[in-house]
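Hello,

Here is the structure I promised to pass on. Please have a look at it alongside the notes below.

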Amino acid sequence: EVYFKNLTKQKQKEVMEKNGNSHKLRVCVATCNRADYSKLAPIMFGIKAEPQFFELDVVVLGSHLIDDYGNTYRMIEQDDFDIHTRLHTIVRGEDEAAMVESVGLALVKLPDVLNRLKPDIMIVHGDRFDALALATSAALMNIRILHIEGGEVSGTIDDSIRHAITKLAHYHVCCTRSAEQHLIAMCEDHDRILLAGCPSYDKLLSAKNKDYMSIIRMWLGEDVKTRDYIVALQHPVTTDIKHSIKMFELTLDALISFNKRTLVLFPNVDAGYKEMVRVMRKKGIEHHPNFRAVKHVPFDQFIQLVAHAGCMIGNSSCGVREVGAFGTPVINLGTRQTGRETGENVLHVRDADTQDKILHALQLQFGKQYPCSKIYGDGNAVPRILKFLKSIDLKEPLQKKFCFPPVKDNISQDIDHILETQSALAVDLGGTNLRVAIVSMKGEIVKKYTQLNPKTYEDRLELILKMCVEAASEAVNVNCRILGVGISTGGRVNPREGIVLHSTKLIQEWSSVDLRTPVSDALHLPVWVDNDGNCAALAERKFGHGKGIENFVTLITGTGIGGGIVHQHELIHGSSFCAAELGHIVVSLDGPECLCGSQGCIEAYASGIALQREAKKLHDDDLLLVEGMSVKKEETVSAAHLIQAAKLGNTKAESILRTAGTALGLGVVNILHTVNPSLVILSGVLANHYVNAVKDVINRQALSSAKTVDVVVSNLADPALLGAASLVLDYTTRRIY
């Protein structure tokens, strides 16, 4: 109702103008059987009554054209509708294959018809296999589809067919609020869903005032009274044909025992119907004095029969839908209508597996009168549907859109959770320690293992393999899927081959070492290897300050000085894998000797080893310790003691740190003038002690255009491990190519 309150005559006028004032909406209504015609006929009458808006084409197929079902196409002609096309599409048979072949035959014949008629829109009803063929043909031929009675739920293959038609249809007319919600849940566009009610209710709710006794006597005999007869209508259940035939046999036995006049309608044309007809004949139903077996009853007369019956029994949707409008008692057998909305007049017998159970249900229901139910309509469906048809803009894109709901915050559906379970094994080969960690996609170190780095190649490689195997086994217990292994190591590395070309003096016996092959062979995983400085830059790019920055430089200030350069989002390795050896930028021609053999390198001034060297000199000259400091005899003097002394006012220590900071700052200035990054990230244990000195040198020494660079301290706790992990995660998840 809300929808139609928003529809105005102006809107309809605009739509007519868009479609062209001379253009009428050409509507094709295709009907397959007696049941769907009862729903489509009211719409067809409404369309026919407004020739200024619509042109109606009627296509008849399916069981309408079968003698065994009374040639029900004649009632369409009796209603004064011109049938434009008759298609014989039913392949006679007794199994599921016959239904499939019938669908195929319809698909073969329909394209010619639709090409000839060229409708603007096709109206398809319900959930029959014939309707699926209609919807498939129309959808593939770019014809708009209006589906009647979508979104409902029942208990057979009809459910699947109905929902399949829903996905093919462009517009939807549903009968209940629940059906509307189901369509929305199926991602259909709410603006193209009309809650109209069932069209058949437009007839039902005005039917009881008509002369009904003559109809009852015509079909059941002169001596029958109202509320003293039964209407039986039962169909095969295609997903369990044998059981449905057995249930039908039990139903007939119960009806015979109940000894009331009964009108039995033949089942529909689904697989198994011939066997059900044989059961009827085996029981002698067609010649039994209490039974009238008929192939078809016109809908207007059928309404009167069920409206005044003592009970209706079977598994037809008519029982749970239309009959509720009269309050007639209904016994619904089996699972064919499971899920349908029903009124209080319906008694369900789900497991109708004994004659006594069905007979007991008849005794409970027969002759009762229930309140009338309007679950499926209020008698005004057709006017709503006609307004809806008039509102369709043929100039709108034909391609339908689905309205997918936002993904709920549920861990089983959360892509972040899925990515977090994807992890890498990260290995960091330092001068002192060997570390292995399980690192998640989010950069969380799930588990970490640390051992002293052995001095020999054989022991070191053996320990790497042992720790990696142990970590990979533990990954299963912590719900992590290892995608690969990333190794961060000091020295010059060929990342393409996974080979350490040569190392620093901090790691002995570590030149021309193939790391990729033994680790990959042991773990059956891909392996990436790179220099520790490059790994630190990768860590910043993925998890730290460098995320989203096009050009930046990372400087590691630890035992040595290293770093990495990211230019245009890519790591620079250089022609011989020697790029970004930032610790070996020379800042003084006659400076202290570096471990690389040169003099005046940044590392010779600002590394942990350089500061430790200067601290030892001061300590040996009794110039290190100040009030508040002490060094035990067995304790090794380190850079930490130098920093502590400077904080306590030791001018010599302050001078050494100032010189170290200046050397590092000069190196950074050289970097700025060479690659011009927008960001410099200082990483490592000494970063906080150097950051201000570096900024001061930049302000004094850098070109004005380079002074705008940001200098920050890394917030990553383990850049080497995170960088090693990012080697794996960036490539295996295809985030970086």
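Predicted model: local features only at pLDDT ≥ 70, side-chain atom pairs only at ≥ 80, totals over all residues.

Residues are numbered from 1 along each chain as its sequence is written, and side-chain values use heavy atoms, with hydrogens and water left out.

**Domains**

The protein chain divides into domain 1 (23–204), domain 2 (208–365), domain 3 (416–544) and domain 4 (545–715); these bounds come from an automatic or database domain assignment. Between the C-alpha centres of domain 2 and domain 3 there are 75 Å.

**Two helix pairs**

Helices and strands here are DSSP runs numbered from the N terminus (helices are H or I, at least four residues; strands are E, at least two). Axes are lines fitted to C-alpha atoms, for helices over the stretch in contact, and angles run from 0 to 180 degrees between N-to-C directions.

Helix α10 (residues 213–220) packs on helix α13 (residues 299–307) at about 95 degrees, with the axes 9 Å apart. The two are therefore roughly perpendicular to each other (65 to 115 degrees; over 145 counts as roughly antiparallel). I215, I216, M218, W219 and L220 of α10 meet Q301, Q304 and L305 of α13, where contact means heavy atoms within 4.5 Å. By class, that contact has six nonpolar, two polar and no charged residues (nonpolar: Ala, Val, Leu, Ile, Met, Phe, Trp, Tyr, Cys and Pro; charged: Asp, Glu, Lys and Arg; polar: the others, Gly among them).

In the other pair, the axes of helix α22 (residues 608–620) and helix α24 (residues 651–675) come within 11 Å and cross at roughly 160 degrees. That makes α22 roughly antiparallel to α24. From α22, the contact uses L611, E614 and L618; from α24, K652, A653, I656, L657 and A660. Six of these residues are nonpolar, none polar and two charged.

**Annotated sites**

An unreviewed UniProt entry lists R492, T504, D532, E581, H584 and E603 under "binding site"; such annotations may be inferred rather than shown by experiment. R492 sits in strand β18 (residues 492–494). Leaving aside residues up to four places away in sequence, R492 touches I499, V500, L501, H502, S576, F577 and C578.

The "binding site" annotation in the unreviewed entry also covers H584, C594, C596 and C601. Although spread over 18 residues of sequence, they cluster in space, with a largest C-alpha distance of 8.8 Å. H584 lies in the loop between β24 and α21.

Best wishes

Definitions and conventions: Parallel < 35°, antiparallel > 145°, perpendicular 65-115°, else oblique.
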